[in-house]
Amino acid sequence: MSRTPGRIFEGNLNAKGLRIGIACARFNEFFVSKLLDGALDAFVRHGGDLADVDVAWVPGSFELPFALSKFIARGNYDAVIALGVVIQGATTHAAQINSQVSKAIGQLGIESGVPVLYGLLTTENIEQAIERSGTKAGNRGFDVTVSAIEMANLNKAMKS
Ligand code: INI
């Protein structure tokens, strides 16, 4: 017996008319600026208008949830994205930032009703950061922006 579901909700990858806010951590800016380049490239290549992207810079990844919540409070974004790079050092500092920030970002996404996307690189070393910010493992900023476009459109679809 074949089963037919009711409605199936999906977000398309068309960024035309979407507005997004991108929070960027200045710590490890060398890599974060590459992630931002990738994010803007993805948005434009999917039909978005650069003028519809706002960017907020914060000192480090720990401050990303604050900027995301400010974007959300402005009320005019279809999705918001966090970009940061946390590289493990000799202490547990990076692990503490990662756990705090991933929890806070996840919580914002659940509570706000606005899609919140996690575009942080959490790497063991600089080489892994290089690989994921525009070289052999792609560009995490590009990938997370495609997901943001999909989630923004899914959110619109699920409202009707
Ligand atoms: N912030 C990062 O974005 N990446 C890091 O690797 C990092 N490390 O390793 O220290 C980092 N620290 C700064 C932190 O995010 C805050 O800006 C700072 O603690 C002030 O609150």
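Biologist: Why does T145 count as buried?

Modeller: T145 has 0% relative accessibility. Buried means under 20% relative accessible area, exposed means over 50%, and partly exposed is in between (1.4 Å probe, protein chains only). The value of 0% is under 20%, so T145 counts as buried.

Biologist: Before we go on, what sort of model is this?

Modeller: This is a predicted model, in which local features need pLDDT of at least 70 and side-chain atom pairs count only at pLDDT 80 or more, while totals for chains, interfaces and linings use all residues. Residues are numbered from 1 along each chain as its sequence is written, and side-chain values use heavy atoms, with hydrogens and water left out.

Biologist: Where does T145 lie, and what does its side chain reach?

Modeller: T145 is in helix 5, residues 140-159. Helices (H or I, at least four residues) and strands (E, at least two) are DSSP runs, numbered from the N terminus. The T145 side chain reaches the backbone oxygen of G141 at 2.7 Å. A polar contact is a pair of N or O atoms within 3.5 Å; within protein, one must be able to donate a hydrogen and the other to accept it, and residues adjacent in sequence count only if both atoms are side-chain atoms. The distance of 2.7 Å is within 3.5 Å, so the pair of T145 and G141 meets that distance limit.

Biologist: What makes S133 count as buried?

Modeller: S133 has 7% relative accessibility, and therefore counts as buried. S133 lies in strand 5, residues 133-135, and its side chain reaches the backbone oxygen of A129 at 2.7 Å.

Biologist: Now the ligand. Which residues surround the ligand?

Modeller: Around the ligand are F27, N28, G60, S61, F62, E63, V85, V86, I87, H93 and I97. A residue is near a molecule if one of its heavy atoms lies within 4 Å of it. Strand 3 (79-87) and helix 3 (93-112) each supply at least two residues of this shell, and strand 3 gives the largest share, 3 residues.

Biologist: How do the shell residues divide into nonpolar, polar and charged?

Modeller: There are 6 nonpolar, 4 polar and 1 charged. Ala, Val, Leu, Ile, Met, Phe, Trp, Tyr, Cys and Pro count as nonpolar, Asp, Glu, Lys and Arg as charged, and the others, Gly among them, as polar.

Biologist: What makes N28 partly exposed?

Modeller: N28 has 22% relative accessibility, so it counts as partly exposed. N28 sits in the loop between strand 1 (20-25) and helix 1 (29-45). Its phi is near 60 degrees, a positive value in a residue other than glycine. For background, most residues other than glycine have a negative phi.

Biologist: And why is E63 partly exposed?

Modeller: E63 has 29% relative accessibility, so it counts as partly exposed too. E63 is in the loop between strand 2 (53-58) and helix 2 (64-74). E63 and C24 are 39 residues apart in sequence and 9.3 Å apart in space, C-alpha to C-alpha.

Biologist: What makes H93 exposed?

Modeller: H93 has 52% relative accessibility, so it counts as exposed. H93 lies in helix 3, and its C-alpha atom is separated by 37 Å from that of G11, 82 residues apart along the chain.

Biologist: Why do I110 and R74 count as exposed?

Modeller: I110 has 67% relative accessibility and therefore counts as exposed. R74 has 55%, so R74 counts as exposed. I110 has its place in helix 3, whereas R74 lies in helix 2.
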